[in-house]
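Please have the sequence and the 3D view open while reading.

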Amino acid sequence: MKKALLSISLVFSTLVVACVSSNGQIENPAANDLESAYQLQYQLVQRVAYPIIGYKAGLTSEAGQNKFGVSEPVAGALFQQGLAFDRYVYLLSDHTNLMLETEIGFILNQNITQLVTAEQLPAMIKSVVPVIELPDLRFENPDNITGHGLIVNNVGSNSVLVGKPIDVNSLDINQITTELTRNGKTVIEGKATDAMGDQWQALAWLINRSLKSGYPVSEGNLLITGALGPMISAERGQYDADFGKLGILAFSIR
């Protein structure tokens, strides 16, 4: 499969830079609090020409939130241009600071227009999928990244690699474990409960946050609930991901 023509994160970071330049502001423009950061993110997302295919949660562990100075997870939009499937090839040279995460994705069977609870969600899910997310953290000063800066920059949204869909009723989603290997060596191990302690709670948070930000949450959207295990830097090699009952994925980075 051919690589994407232009990195999503490059498109988005270019918009952020343009916004900063026009407003005379610095790294986190208008991001004095979470809501203003999400408002600016939303405005920038509307300028991206690619269709939105879903949403992503980040910093879904307490350790991640503490590291970036926030008290809750963060969320951003996913774009069609960044969507790929099994056996995809990525080029490291196309990215600034490419990262890897194993995640679980949920595909909706209906539009959602009102806030939801975790208990309501199983009836709203068409299927679940294994996901490798490949954020690209395009920051001039990576050591100074804050949660607010992540939000404004759409949480590094870049690429998602998606596996075959599975009926959500065929497994206990919170029992899923993941292992990612590079050239046969384990580089990530995770479990479903790494995301907010419960996949359904993480999904409810993501849907509600997306609605509060003004985004439409629609039938067919892909919703990914946060990293299972650590986020790691991408290196060249052959990668194989085992999600247990949720399936497998393979890809390479050159």
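Which residue caps the N-terminal end of α5? The cap is Asp198, with a side-chain oxygen 2.9 Å from the backbone nitrogen of Trp200. Such a pair is a polar contact (N or O atoms within 3.5 Å; within protein, one must be able to donate a hydrogen and the other to accept it, and residues adjacent in sequence count only if both atoms are side-chain atoms).

The model is predicted, and local features need pLDDT of at least 70, side-chain atom pairs pLDDT 80 or more, while totals for chains, interfaces and linings use all residues. Residues are numbered from 1 along each chain as its sequence is written, and side-chain values use heavy atoms, with hydrogens and water left out.

**Helix α5**

Helices (H or I, at least four residues) and strands (E, at least two) are DSSP runs, numbered from the N terminus. Helix α5 covers residues 199-212, and its end C-alpha atoms are 20 Å apart. After α5 comes Gly214, with a positive phi near 100°.

Buried means under 20% relative accessible area, exposed over 50%, and partly exposed in between (1.4 Å probe, protein chains only). Of the 14 residues of α5, 12 are buried, so the helix is largely enclosed by the rest of the structure. Among the buried residues are Trp200, Trp205 and Arg209. The cover over them includes α2 (34-45), β1 (52-58) and β10 (222-224).

| Residue | Relative accessibility |
|---|---|
| Gly190 | 11% |
| Asn174 | 16% |
| His95 | 15% |

Asn174 sits in the loop between β7 (159-162) and β8 (177-182). Its side chain reaches the backbone nitrogen of Gln199 at 2.8 Å. Contact means heavy atoms within 4.5 Å. Beyond its neighbours within four places in sequence, Asn174 is in contact with residues including Asp198, Gln199 and Trp200. Asp198 is also the cap of α5.

Gly190 belongs to strand β9 (residues 185-191). Leaving out neighbours within four places in sequence, Gly190 is in contact with Thr177, Thr178, Leu228 and Gly229.

His95 is in the loop between β4 (88-90) and β5 (99-108). A polar atom of the His95 side chain lies 3.0 Å from the backbone oxygen of Leu91.

Technical notes. The expected span of a helix is 1.5 Å times one less than its number of residues.
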